[in-house]
2 protein chains.
Amino acid sequence: MSYIITKAESVNKALDSAVPLREPLKIHEAMRYSLLAGGKRVRPVLCIAACELVGGDESTAMPAACAVEMIHTMSLIHDDLPCMDNDDLRRGKPTNHKVFGEDVAVLAGDALLSFAFEHLALATSSDVVSPVRVVRAIGELAKAIGTEGLVAGQVVDISSEGLDLNDVGLEHLEYIHLHKTAALLEASAVLGAIVGGGSDDEIERLRKFARCIGLLFQVVDDILDVTKSSKELGKTAGKDLIADKLTYPKIMGLEKSREFAEKLNKEARDQLLGFDSDKAAPLLALANYIAYRQN
Amino acid sequence: MSYIITKAESVNKALDSAVPLREPLKIHEAMRYSLLAGGKRVRPVLCIAACELVGGDESTAMPAACAVEMIHTMSLIHDDLPCMDNDDLRRGKPTNHKVFGEDVAVLAGDALLSFAFEHLALATSSDVVSPVRVVRAIGELAKAIGTEGLVAGQVVDISSEGLDLNDVGLEHLEYIHLHKTAALLEASAVLGAIVGGGSDDEIERLRKFARCIGLLFQVVDDILDVTKSSKELGKTAGKDLIADKLTYPKIMGLEKSREFAEKLNKEARDQLLGFDSDKAAPLLALANYIAYRQN
């Protein structure tokens, strides 16, 4: 775990300098408010760990790591909007639009979205990473956001509200999670491996690893929602049941959900077998952390 | 003018194939609704003309040309939102959120924003354009969108509403236009020149050209608003006066505004002096079209 914490701290510092407070003040305040609001920094740490696994340095991966966190933050800001999920709180703080207004929240998301590409394109060291790899990384990041990624997941999620469980099945639920959660985790690992100089085979194994832990994360989240109290979770337990949200326990039952989580964790770990086991340790820890967390 | 019309038709075809109708249907319908809603295609035509001016082909510039139009469309969709300018009509058609809902409109904008980068990165011919140039183009495009471009212009524009004319001056008005209008025109010309293989000097001259016509466009717009009838304009005349919007005639008077327009047109044309005059003809026509249009 100390690897994850150390890297997360480096990421926080890098994000702080990547988006300094400058004119126009309001928009930069809004961007920084959500970008520096804490969070586990799972995506950037995954990006850095993937880069190091294939032989690259933390500094080489840092612009890509910051870029994926900017995208994650953008998606939270836009998803929280009144016209979307209409959330007032995020990580215990008022959501972006509650503090800065809806107009600025939309624009802060747009600015983070474009700045992610700017940062990836211009801050990645051209001495270490060839421009061919930077272009490839940009293509991967873009795919994870648009209608093959986050946007696809959110639009299908929105249009699923109120649907009968008989109308939609496991495949539908998996589509949403693969796009809303796994796509950006996948891009995080893939970007790290690309800028780190990984081979095509290494890149694809890290892609599969990240996809597995993306689904794993969601399955565990759904299980915790029905098995833990609100106090243990630090948020409202049973929220998904009340909101009539599609969850794994609801579709396949609790026992089968647990088996599925175990299967995903094993599949994820299997992708790391070909790598040096010392170097793969941080990613292994990340998978186990996701699988066995209690809140 | 036939150059502009011919190129605009090529752009329309390219946009139609770049964003095909596919699953999830709703989001692609929303993207296509606004992207293919017509419009003069000034930005993509400028991009292609700049590319051809420095010796490149239309096909080389087409992905960049489509990308700048995607960004322009995204900015219109988000600016029209109820929380922003709250517009019901755009080019005589209901705005995106009126047809698809606010949630889908936000997501359609996000998807167009990320797809612009994906398309620029992956569809630009790597046989013709070096990856170094593609990365540079991506950086330029991103800057034109974020807090040094469109977003900066929109956020300052929003916070200027209701301000007294004595509080803000010409500089303030110019800041808004340079960011809201000129930045993306600038990027359009610069991207064309970059992918077309232009020298740094050529790229910078085309940047200045585009910045001048960006301001010119706005000055002429403001003049037409006070001098033409609604019938001549095809939209409500005097709208800016009623809405108490900042305009050039309001700040410097009508005569000085006309002189300023003439000065900007000359400055724009001066940037083209070093180029082959036959090849520069389309850009010259574009500048004159903007300067002398009657609606």
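Which helix of chain B does B:Leu254 lie in? The answer is helix α14, which covers residues 254–270 of chain B. Before we go further, please keep in mind that this is a predicted model. B:Leu254 has a relative accessible area of 31%, so it is partly exposed. Setting aside neighbours within four places in sequence, B:Leu254 is in contact with B:Ile223, B:Val226, B:Thr227 and B:Pro249.

Let us move to helix α9 of chain B, residues 170–195, where you will find B:Val190. Is B:Val190 buried or exposed? With a relative accessibility of 0%, B:Val190 counts as buried. Leaving out residues within four places in sequence, its contacts are B:Glu140, B:Ile203 and B:Arg207. The C-alpha atom of B:Val190 is separated by 8.5 Å from that of B:Ala210, a residue 20 places away along the chain.

Now for some helix packing. Two packed helices are described by the angle between their axes and the distance between the axes. Take helix α4 (residues 58–80) and helix α6 (residues 102–123), both of chain B: their axes come within 8 Å and cross at roughly 165 degrees. An angle over 145 degrees counts as roughly antiparallel, so α4(B) is roughly antiparallel to α6(B). The crossing of this pair is left-handed. On the α4(B) side, the contact includes B:Pro63, B:Ala67, B:Met70, B:Met74 and B:Ile77, while the α6(B) side includes B:Val106, B:Leu113, B:Phe115 and B:Leu120. Sorted by class, the residues in the contact of α4(B) with α6(B) are 16 nonpolar, four polar and one charged.

Helix α6 of chain B also has a partner in the other chain. Helix α8 of chain A (residues 150–160) packs with α6(B) at an angle of about 165 degrees, and their axes are 10 Å apart. These two helices, α8(A) and α6(B), are therefore roughly antiparallel to each other. Which way do α8(A) and α6(B) cross, left-handed or right-handed? Their crossing is left-handed. From α8(A), the residues making the contact are A:Val151, A:Gln154, A:Val155 and A:Ile158; from α6(B), they are B:Asp103, B:Val104, B:Leu107, B:Asp110 and B:Ala111. By class, six of the residues in the contact of α8(A) with α6(B) are nonpolar, one is polar and two are charged. B:Asp110 is also among the α6(B) residues that contact α4(B).

Within chain A, helix α7 (residues 131–145) and helix α9 (residues 170–195) pack at about 175 degrees, with axes 9 Å apart. α7(A) and α9(A) are therefore roughly antiparallel to each other. Among the residues that meet here are A:Arg133, A:Arg136, A:Glu140 and A:Leu141 of α7(A), together with A:Leu184, A:Val190, A:Leu191 and A:Ile194 of α9(A). The contact of α7(A) with α9(A) has 10 nonpolar and three charged residues, and no polar ones.

Next comes an asparagine to follow in each chain. B:Asn96 lies in helix α5 of chain B, residues 96–100, and is buried because its relative accessible area is 4%. Its side chain reaches the backbone oxygen of B:Ala30 at 2.9 Å. Beyond residues up to four places away in sequence, B:Asn96 touches B:Ala30, B:Tyr33, B:Ser34, B:Ile77, B:Gly101 and B:Ala105. In chain A, A:Asn96 sits in helix α5 and counts as buried at 4% relative accessibility. A polar atom of the A:Asn96 side chain lies 2.9 Å from the backbone oxygen of A:Ala30.

Finally, visit a few backbone details in the loops. The peptide bond from A:Glu23 to A:Pro24 is cis, with omega near -10 degrees, and A:Pro24 lies in the loop between α1 and α2 of chain A. In chain B, a cis peptide bond joins B:Glu23 and B:Pro24. A:Arg41, although not a glycine, has a positive phi of about 55 degrees; A:Arg41 is found in the loop between α2 and α3 of chain A and is buried, with a relative accessible area of 2%. B:Asn86 has a positive phi of about 50 degrees and is partly exposed, with a relative accessible area of 45%.

Technical notes:
Residues are numbered from 1 along each chain as its sequence is written. Chains are lettered from A and ligands numbered from 1 in the order in which they are written. This is a predicted model: local features need pLDDT of at least 70, side-chain atom pairs count only at pLDDT 80 or more; totals for chains, interfaces and linings use all residues. Side-chain values use heavy atoms; hydrogens and water are left out. Axes are lines fitted to C-alpha atoms, for helices over the stretch in contact, and angles run from 0 to 180 degrees between N-to-C directions. Helices (H or I, at least four residues) and strands (E, at least two) are DSSP runs, numbered from the N terminus. Angles under 35 degrees count as roughly parallel, over 145 as roughly antiparallel, 65 to 115 as roughly perpendicular and the rest as oblique. A crossing is left-handed if the near helix is turned anticlockwise from the far one by less than a right angle, and right-handed if clockwise. Contact means heavy atoms within 4.5 Å. Ala, Val, Leu, Ile, Met, Phe, Trp, Tyr, Cys and Pro count as nonpolar, Asp, Glu, Lys and Arg as charged, and the others, Gly among them, as polar. Buried means under 20% relative accessible area, exposed over 50%, partly exposed in between (1.4 Å probe, protein chains only). A polar contact is a pair of N or O atoms within 3.5 Å; within protein, one must be able to donate a hydrogen and the other to accept it, and residues adjacent in sequence count only if both atoms are side-chain atoms.
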